[in-house]
Amino acid sequence: MNAEPTQRLAGRVAIVTGAGSGIGEATARRLALEGAHLVANDLSGEYLDALMPTLAGDGHVPVVGDVSVEATAEELVRTASERHRRLDVLINNVGNLFFKDITDTTVEEWDRLMAVNLRGTFLCSKHALRVMVRQRSGVIINLASISAFVGQEMGGQSSFAYNVTKAGVRQLATSLATRYASDGIRVNAVCPGPTRTKQVRHFLPELPEADEDAIWESAGVDGTPRGRVGRPEEIASVIAFLASDEAANVTGAAWVVDGGYTAR
Ligand SMILES: NC(=O)c1ccc[n+]([C@@H]2O[C@H](COP(=O)([O-])OP(=O)(O)OC[C@H]3O[C@@H](n4cnc5c(N)ncnc54)[C@H](O)[C@@H]3O)[C@@H](O)[C@H]2O)c1
């Protein structure tokens, strides 16, 4: 049975970065269903054009832009403030995959990954916190990963650089949680295990579909005690809980949602 979720976020204003696909898209849909007004960001205007008319509720605004650029972070927060006079929730969801051994990784590849995955989360948090501190309320959720805790390889290549960014956004949540707890602001990390999205497709656009399926099979089916790959909606439901007042005393935590992957 699929009961409609209650509107735990009625009237709240939420920024979701990378809302165009995968976990970001599922999160945008879930928060909208729960009554939030969204500022939905993505690098892809096409993804946002497809998403916006299908969101439940109202008051949603798309912002196309690259979160590694400070002007985008400023625009996201300014849009929330000008349109709704407040900002209640920031979901730092953007995070690109990267698999290549350290011995082959160029400085340019390292810098770009750090910019998108880590600097983007720093910048959006920086500008959101200025509003949240004034309001004396707010929730920030960073999409980390089980990769924040474990080493991983794909096709014999390491995801070491991606893992470093995921450990970074997890720790940023910890540090911001202790710093801003007395301002009424909660900050948590969500750490998904293998969750079927376009993440592999975005990293390897030329990969044959059968190989893509095999990657998810081996990560999700063979890799987890639950024996299946996760669904974006299963991450979104945890994010919605953490964003709501039901999680009023949850801050500085890293919520693992991985079908038992790291329990093994
Ligand atoms: N899918 C998984 O198995 C998994 C596991 C652990 C953690 N995560 C994390 O969850 C988050 C979402 O992953 P996903 O699997 O949904 O990825 P995805 O690749 O399916 O979606 C990412 C979205 O972000 C957008 N984007 C990329 N770069 C951007 C930028 N610079 N500025 C703005 N938007 C940008 C893309 O266009 C895309 O719509 C990431 O942080 C990822 O590290 C995913």
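1. Two residues are in contact if their C-beta atoms, placed from the backbone, lie within 7 Å. On that criterion, 72% of the contacts in the chain with a separation of 6 or more are between residues 24 or more positions apart.

2. The model is predicted: local features need pLDDT of at least 70 and side-chain atom pairs count only at pLDDT 80 or more, while totals for chains, interfaces and linings use all residues. Numbering runs from 1 along each chain as its sequence is written.

3. There are 8 helices and 9 strands in the chain (DSSP runs numbered from the N terminus: H or I of at least four residues, E of at least two). The radius of gyration is 17 Å against 18 Å from the globule rule for 264 residues, so the chain is as compact as a globular protein of that length. The radius is taken over C-alpha atoms, and the rule is 2.2 Å times the number of residues to the power 0.38.

4. Of the 264 residues, 45% are buried, meaning that 20 or more other C-beta atoms lie within 10 Å of the residue's own, with C-beta atoms placed from the backbone.

5. The largest nonpolar core has 65 residues; A14, I15, L31, L38, V190, I239 and A243 touch the most other members. Such a core is a set of buried Ala, Val, Leu, Ile, Met, Phe, Trp, Tyr and Cys residues joined through C-beta atoms within 7 Å. Leaving out residues up to four places away in sequence, V190 touches, among others, I141, L143, W255 and V257.

6. Around the ligand are 30 residues, of which G18, G22, G95, T197 and Q199 come nearest (C-beta atom, placed from the backbone, within 6 Å). The largest share of this shell, 3 residues, comes from α1.

Key:
Buried ≥ 20, exposed ≤ 12 C-beta atoms within 10 Å, placed from the backbone.
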